[in-house]
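The sequence and the structure are shown first.

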Amino acid sequence: MTEIGEACLQRAQQILADLDEANTLAGDASNTVDGTLHVLCPRAFAAHQLAHHLSRFHKLHPLVRLEIATPGPVSAASDNHDVSILSIGGQPLQGDFVVRPLAGSSFILCATPDYLPQKRFPEYRGI
């Protein structure tokens, strides 16, 4: 190999090594999740569903800072939050966003037989 050929080969090898290093750095950066995640959700969901998963989430993504807003019932997605968890109760949703069911809940109404017809449910006649 000529002297020029040898110099060209060394330079090409260095360029390839630099490209490999750049790809490795880019790959490492894309696998690291960091920043602030703004979440809007109902208080009850935060307390009964979300809270159970926060420790695991933090272990998986230690550089992510969560800001959770819990104003009460949430019926519409918010442009000010990255994630909005809604209380929809079967209502049709409108807007341009991705919807995924996260959890379901059921309620049991408990009261004495005398309370329901007198206070809130006059149509209640007992079971």
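Is Leu37 buried, partly exposed or exposed? The model in which this is asked is a predicted one. Leu37 has a relative accessibility of 25%, and it therefore counts as partly exposed, since the buried class lies under 20% and the exposed class over 50%. The residue is found in strand 1. Leaving out residues up to four places away in sequence, Leu37 touches Phe57, Val64, Arg65, Leu66, Glu67, Asp82 and Val83.

The chain contains 4 helices and 3 strands. Read from the N terminus, its elements follow the order α-β-α-α-β-β-α. The strands form an open sheet in the order 2-1-3, and their pairing is parallel. Strand 2, residues 64-69, and strand 3, residues 83-84, are the edge strands, each pairing on one side only.

How do strands of a sheet hold to one another in general? They pair through backbone hydrogen bonds, either parallel or antiparallel. In this model, strand 1 and strand 2 pair in the parallel sense over 6 bridges, and within that pairing His38 stands opposite Glu67 of strand 2. Strand 1, which covers residues 35-40, also pairs with strand 3 in the parallel sense, over 2 bridges. There Val39 stands opposite Val83 of strand 3.

Apart from residues up to four places away in sequence, Val39 touches Leu66, Glu67, Ile68, Ala69, His81, Val83 and Ile85. It is also a member of the largest nonpolar core, which has 6 residues in all: Val39, Cys41, Phe45, Ala46, Leu50 and Ile85.

Cys41 counts as buried because its relative accessibility is 0%, whereas Cys8 counts as exposed because its relative accessibility is 53%. In general terms, a disulfide is a covalent bond between the sulfur atoms of two cysteines. A search of the whole structure finds 0 disulfides.

Side chains of opposite charge can pair when their charged atoms come close. A search of the whole structure finds 1 salt bridge. Glu67 forms a salt bridge with Arg65, and their closest N and O atoms are 2.8 Å apart. With a relative accessible area of 30%, Glu67 is partly exposed, because that value falls between the limits of 20% and 50%. Both Arg65 and Glu67 are also among the residues that Leu37 touches.

Asp34 is found in the loop between helix 1, residues 3-31, and strand 1. Leu63 is found in the loop between helix 3, residues 54-60, and strand 2. Asp34 and Leu63 are 29 residues apart in sequence, while their C-alpha atoms are 4.6 Å apart in space. Neighbours within four places in sequence being set aside, Asp34 is in contact with Leu63 and Val64. On the same terms, Leu63 is in contact with Thr32, Val33, Asp34 and Gly35. From Leu63 to Val33 there are 30 residues in sequence, and their C-alpha atoms are 6.6 Å apart. Asp34 is exposed, because its relative accessible area is 55%.

Where do the contacts of the chain as a whole reach? Among contacts with a separation of 6 or more, 67% join residues 24 or more positions apart. Of the 127 residues of the chain, 10% count as buried. The chain exposes about 10,800 Å², of which carbon and sulfur atoms supply 55%.

Technical notes:
Residues are numbered from 1 along each chain as its sequence is written. This is a predicted model: local features need pLDDT of at least 70, side-chain atom pairs count only at pLDDT 80 or more; totals for chains, interfaces and linings use all residues. Side-chain values use heavy atoms; hydrogens and water are left out. Two strands pair if DSSP finds at least two bridges between them. A nonpolar core is a set of buried Ala, Val, Leu, Ile, Met, Phe, Trp, Tyr and Cys residues joined through side-chain atoms within 4.5 Å. Buried means under 20% relative accessible area, exposed over 50%, partly exposed in between (1.4 Å probe, protein chains only). Contact means heavy atoms within 4.5 Å. A disulfide is a pair of cysteine sulfur atoms within 2.5 Å. Accessible areas come from the Shrake-Rupley method with a 1.4 Å probe; for residues, only the protein chains shown count as cover. A salt bridge is a side-chain nitrogen of Lys or Arg within 4 Å of a carboxyl oxygen of Asp or Glu.
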